[in-house]
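Please look through the structure shown below before reading on.

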Amino acid sequence: MATVEGKRREWLRIRWKSSVSDTKPPHKQTIQQSSLATQPLPRRHRPLLYTMAASLALRFPSLSSPAKSPQHPFVRNGTSPPRILRSRFCSMNGVKCNLDEPYKLVNGRPSVPILDEKSLPNFLHSKRLENSINRSDTRIKLFSGTANPALAQEIAWYMGLELGKVNIKRFADGEIYVQLQESVRGSYVYIVQPTCPPANENLMELLVMIDACRRASAKNITATQGRESIAAKLVANLITEAGADRVLACDLHSGQSMGYFDIPVDHVYCQPVVLDYLASKSFASNDLVVVSPDVGGVARARAFAKKLSDAPLAIVDKRRQGHNVAEVMNLIGDVRGKVAVMVDDMIDTAGTIAKGAVLLHEEGAREVYACCTHAVFSPPAIEKLSSGLFQEVIVTNTIPASEKNNFPQLTVLSTANLLGETIWRIHDDSSVSSIFQ
């Protein structure tokens with residue numbers, strides 16, 4: 001029995017060596033083949049040979065590609081490798097990657113370049129979105145309330161969409177009625193409804209629209225708000241309970257208000273729109289000074305000044321004696337002979353910014369510009385802003401500008417492109433903060 005087992009082992013050793021020796025030139029073949037090597041391999045021993053071949057193929061991957069190795073030990077005399085080897089190893093090379101540049105070796109290993117949001121240049125973001133998003137995607141729906149339909153229409157134009165069809169009306173007793181006139185089932189719905197005056201009416205309309213979309217089986221609902229409500233926590237709870245999945249807000253009066261929401265909040269700053277407009281005026285960098293109308297707006301004014309050629313900063317110190325009543329006390333900074341740009345998030349009655357402008361002129365400012373995002377313009381704001389204190393009052397259209405609030409110094413800038421790009425990035429799960437970098 002031992003003799004038979006020994007002969008079998010010798011036969012397998014010689015058979016294996018003979019198969020490997022065929023890959024060498026004839027003059028280097030030194031293995032003596034016995035008569036057993038020329039005999040056919042018994043069927044019961046073939047799995048052992050295949051296992052040995054598999055081990056060799058795993059250790060030397062180059063041997064698994066017969067096209068690159070004409071003298072492959074398993075392809076002799078024009079015969080194909082065993083079927084078990086073809087199905088098991090040839091499939092390992094089934095995926096082919098076309099790289100524009102060869103691999104770069106790091107510590108002896110290939111390093112594949114990976115592109116992410118941080119490594120992409122800013123000017124490529126819009127192009128990337130155009131290639132990755134079908135802008136005629138029927139899953140995204142844009143609806144407008146009655147608060148600012150003009151802004152919603154401009155956003156739709158930028159995004160290449162049509163505004164969703166919705167019927168909004170008031171009953172005789174003032175109750176709000178909302179009826180969606182198209183299907184939103186499984187869609188990503190964006191509702192443009194700023195909480196501008198009348199704030200209570202517009203807020204309630206927003207809640208009813210959110211509820212209508214939720215009951216119509218919308219997959220995701222994003223509420224777009226122009227400004228922060230007074231009772232921020234209460235409004236956050238109302239919007240969440242109504243069924244909103246996300247909130248897109250512009251220049252909140254207090255950034256901490258985002259913490260009131262239990263749903264994601266995307267906070268968009270409208271500074272780039274105003275900065276682009278001021279850059280078109282070609283002010284000399286050493287002539288500009290950015291002014292905060294109160295101490296609470298210093299962080300906002302500092303960020304604005306940094307992007308405006310790193311202009312110097314001045315602060316108006318005021319003491320408020322009551323709501324909508326402000327008293328200017330002192331000016332921190334130098335504005336003499338310079339162009340002062342006052343920056344705030346909103347202008348309500350214009351009491352704070354008007355008294356600040358008076359102080360700036362007294363301190364020797366050559367020109368005074370007022371910039372804000374939300375133009376609330378409650379009386380007597382128009383009288384104060386058009387009295388000649390300001391060279392120009394620059395606002396955005398987050399709140400619609402009525403005909404009665406128009407005056408010669410007023411300039412209204414559109415935020416439609418900024419909001420439209422933000423909506424696309426939210427829909428694409430892309431970075432929103434990179435817009436402001």
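How many helices and strands are there in the protein? The protein has 12 helices and 16 strands. The model is a predicted one. Of its 437 residues, 43% are buried. Among the contacts with a separation of 6 or more, 63% are between residues 24 or more positions apart.

A place to begin is the pair of helices H6 and H7. H6 covers residues 199-215, and H7 covers residues 232-242. The two pack at an angle of about 25 degrees, and their axes are 8 Å apart. Since angles under 35 degrees count as roughly parallel, H6 is therefore roughly parallel to H7. On the H6 side the contact is made by Leu 203, Leu 206, Leu 207, Ile 210, Asp 211 and Arg 214. These meet Val 235, Leu 238, Ile 239 and Ala 242 in H7. Sorted by class, this contact has eight nonpolar residues, two charged ones and no polar ones.

A second pair of helices is H8, residues 271-279, and H9, residues 298-307. Their packing angle is about 45 degrees, with the axes 11 Å apart. That angle makes H8 oblique to H9. The crossing of H8 and H9 is right-handed. From H8, the residues Gln 271, Val 274, Leu 275 and Leu 278 take part, and they meet Arg 300, Ala 303, Phe 304 and Lys 307 in H9. By class, the contact of H8 with H9 has five nonpolar residues, one polar and two charged.

The next topic is charge. Side chains of opposite charge can pair when their charged atoms come close. How many salt bridges does the structure hold? There are 10 salt bridges in the structure. One of them joins Arg 170 and Glu 201, with 3.1 Å between the closest N and O atoms. Arg 170 belongs to strand S4 (residues 166-170) and Glu 201 to helix H6, so this pair ties together parts that are 31 residues apart in sequence. Arg 170 has a relative accessibility of 34% and counts as partly exposed. Glu 201, with a relative accessible area of 35%, is partly exposed.

Arg 170 also forms a salt bridge with Glu 205, where the closest N and O atoms are 2.9 Å apart. This pair again links distant parts of the chain, with Arg 170 in strand S4 and Glu 205 in helix H6, 35 residues apart. Is Glu 205 buried or exposed? At 0% relative accessibility, Glu 205 counts as buried.

Another salt bridge is found between Arg 366 and Asp 287, with the closest N and O atoms 3.8 Å apart. Arg 366 sits in the loop between helix H10 (351-362) and strand S14 (367-375), whereas Asp 287 sits in the loop between H8 and strand S10 (288-292); the two residues are 79 residues apart. Arg 366 is partly exposed, at a relative accessible area of 45%. Asp 287 is partly exposed, at 26%. Through shared partners, salt bridges join Arg 170, Glu 201 and Glu 205 into one network.

Strand S16, residues 410-413, contains Leu 410. Leu 410 has a relative accessible area of 15% and is buried. Not counting residues up to four places away in sequence, Leu 410 touches Phe 377, Val 393, Val 395 and Asn 405. Between Leu 410 and Phe 390 the C-alpha to C-alpha distance is 9.6 Å, and the two are 20 residues apart in sequence.

The backbone has some details to note. The peptide bond between Pro 197 and Pro 198 is cis, with omega about -5 degrees. Pro 198 lies in the loop between strand S6 (188-192) and H6. A cis peptide bond is also found from Pro 379 to Pro 380, with omega near 5 degrees. Pro 380 is in the loop between S14 and helix H11 (381-385).

Ser 282, a residue other than glycine, has a positive phi, near 60 degrees. Ser 282 is in the loop between H8 and S10, and at 63% relative accessibility it counts as exposed. Asp 310 also has a positive phi, near 55 degrees. Asp 310 lies in the loop between H9 and strand S11 (313-322), and at 60% relative accessibility it counts as exposed.

Conventions: Residues numbered from 1 in each chain as written. Predicted model: local features only at pLDDT ≥ 70, side-chain atom pairs only at ≥ 80, totals over all residues. Heavy atoms only, no water. Axes fitted to C-alpha atoms, helices over the stretch in contact; angles between N-to-C directions. Helix = DSSP H or I, 4+ residues; strand = E, 2+ residues; numbered from the N terminus. Parallel < 35°, antiparallel > 145°, perpendicular 65-115°, else oblique. Left-handed = near helix turned anticlockwise from the far one by under 90°. Contact = heavy atoms within 4.5 Å. Nonpolar A, V, L, I, M, F, W, Y, C, P; charged D, E, K, R; others polar. Salt bridge = Lys/Arg side-chain N within 4 Å of Asp/Glu carboxyl O. Buried < 20%, exposed > 50% of the residue type's maximum accessible area, 1.4 Å probe, protein only.
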